[in-house]
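Have the structure open while you read.

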Amino acid sequence: MAPNTQNTPLLDHDIEVAVSESKASSSPTAIRSSTTGGWRSASFIIGVGFAERFAFYGVSSNLITFLSGPLGESTATAAVNVNTWSGTAALLPMLGAIVADSYLGRYRTILLSTLLYILGLGLLTFSAMLPSLSGSACEKTIEFTSCYSQLQVIFFYFSLYLVAVGQGGNKPCIQAFGADQFGGQDPVESKARSSFFNWWYFGICSGSLCTRLISSYIQDNFSWVLGFGLPCIVMILGLFVFLLATRTYRYSIIGNGQSPFGRIVKVFVAAFKNWRASTTSEPHGNMHHRSSEQFKFLNKALLAPNSNLKEDRKQCTVFEVEEAKVVLSLVPIWSTCLVFAIVLAQMPTFFTKQGDTLDRTIRGGFDIPAASLQSFTSLIIILFIPLYDRIFVPIASAFTRKPSGITTLQRIGTGIFLSAISMIVAALVEKKRLETAQEYALVDIPHVTIPMGVWWLIPQYLLIGVSDVFTMVGLQEFFYDQVPNELRSVGVALYLSIFGVGNFLSSFLISAIDEATGGVGRVSWFSNNLNRAHLDYFYWLLGGLSVVELGVFTYFAKSYRYKSGGTM
């Protein structure tokens, strides 16, 4: 395959030089001695990941406070809107990945999407200024006060979803582009690539930790304009860092322009069209000798029922069918991680609302912003990843003889188990919070701080953090490594889409439970008065679902065969 480097409008010479060097580095030895790629290039990309997560979580971590505060939305509505936006932001990477893998390439997609990202953040900052610029009066209802007109609310959500679009192009490509800096065939670089996923997550969690400590405090105590503006500035710096290392990157060699995603879709379409065809029909590509037995119904994509192969380019090859089978084999793993995503969706919503009701005062009368409690999750990840990479992996490798210590599926399953424990702990803490509110006769006084330290919430945040180290990093490596090479960005997008669908499922659960438990004469589990709500019931439900998910995940993981031929 030849590199697609003709008529490229962006930094043509730099990319052509780097691609030529990548092609020349065909042997493992040559790859390691190449002037492109490796940890030097990856370190720049990790820095960009830091900036991107600083920007994203600078918006999302405290978003529920903005929606239920200045925008005047109810707790349930704000939670649904946060989950819907987060879900959209996690699903859009699929579109960005398809564009990158099929048309633009990862580098150009990162560049263009980052510009959109910065534009969205800039407009979001401007939207926070609108009430003061227009001098519009605040509208008050019985429970809420909104200082935004309907038009200003629309502009805010337009800006917010533009940020999601920019993130959708940036997120899958920047991570896959970083992993591309290491060769998968060379044992040394293959081990380094596995380590890259750990340090990549270390970098992005460092970004989220910083923004949860800084941006959340600014938003709660100074200004939403500055609180949204700071992520925009950091994202601009991230773009500068990315461009700075352009000559050092190792670029993927794009094929003949045919969309790899389109090839997979074509296989499913052809198999559907030929579902009535007899297996005695003429096979295209010697199917019976070369195609695997897994998902045999897709083998019908190789058949030519009319024995007419004049338009050979429209027929599916064995390679294309096997490519589709690999992607299809990921579906059970993907679907059995959705409850884990629902659990994570509670951290920036109900965990934050819980923290709002508790005593957050430390020395000198300083109040910790409720959203900054999420920084404990990032902190435990930052502390735990080096221990995992430098201590756990070598010890586990001595027993398992695996370079990564344990398989990626074992790593994912461990994290799911820990997420179930976190929900059980969260339910017990919430029960304690409700009992304290009742003990001090604060049940019907929701705006008074409950005399219970916010530190009670830390265990559930820490457990979520440790589960992240196992499951999130495991999912990143699994979906990058197990998809066909040309679909690496789509692989990362598949991993991200778990959390997109998970957020939508969380929204659905909240809306359905709110409808079922609320109404005239009844108190919803998600009542605006959290002292009468029952978040503990919701956490118990998620804990039970997590246990069921773990059992189903284990069943599918045991039968999964890796590209290398191994099992769980």
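## Helix packing and ring pairs

Helix H5 goes past helix H7 in a right-handed crossing. Keep in mind that this is a predicted model. On the H5 side, the contact includes Asn 81, Thr 84, Trp 85, Thr 88 and Leu 92. From H7, the residues taking part include Tyr 157, Leu 160, Tyr 161, Gln 167 and Pro 172. Sort the residues of this H5–H7 contact by type and you get 14 nonpolar, seven polar and no charged.

As for the geometry, H5 spans residues 75-104 and H7 spans residues 150-179, and their axes come within 7 Å, crossing at roughly 45 degrees. That angle is why H5 counts as oblique to H7.

Now for the rings. How many aromatic pairs does the structure hold? There are 41. Take Phe 384 and Phe 470: their ring centres sit 6.0 Å apart with the planes at 50 degrees, so this pair is tilted. The two partners come from distant parts of the chain, 86 residues apart, with Phe 384 in helix H16 (residues 375-400) and Phe 470 in helix H18 (residues 458-482).

| Residue | Relative accessibility | Class |
|---|---|---|
| Phe 384 | 24% | partly exposed |
| Phe 470 | 9% | buried |

Elsewhere, ring pairs join Trp 39, Phe 182, Phe 196, Phe 197, Trp 200 and Tyr 480 into a cluster.

Key: Residues numbered from 1 in each chain as written. Predicted model: local features only at pLDDT ≥ 70, side-chain atom pairs only at ≥ 80, totals over all residues. Heavy atoms only, no water. Axes fitted to C-alpha atoms, helices over the stretch in contact; angles between N-to-C directions. Helix = DSSP H or I, 4+ residues; strand = E, 2+ residues; numbered from the N terminus. Parallel < 35°, antiparallel > 145°, perpendicular 65-115°, else oblique. Left-handed = near helix turned anticlockwise from the far one by under 90°. Contact = heavy atoms within 4.5 Å. Nonpolar A, V, L, I, M, F, W, Y, C, P; charged D, E, K, R; others polar. Phe/Tyr/Trp six-rings, centres within 6.5 Å; stacked < 30°, edge-to-face > 60°. Buried < 20%, exposed > 50% of the residue type's maximum accessible area, 1.4 Å probe, protein only.
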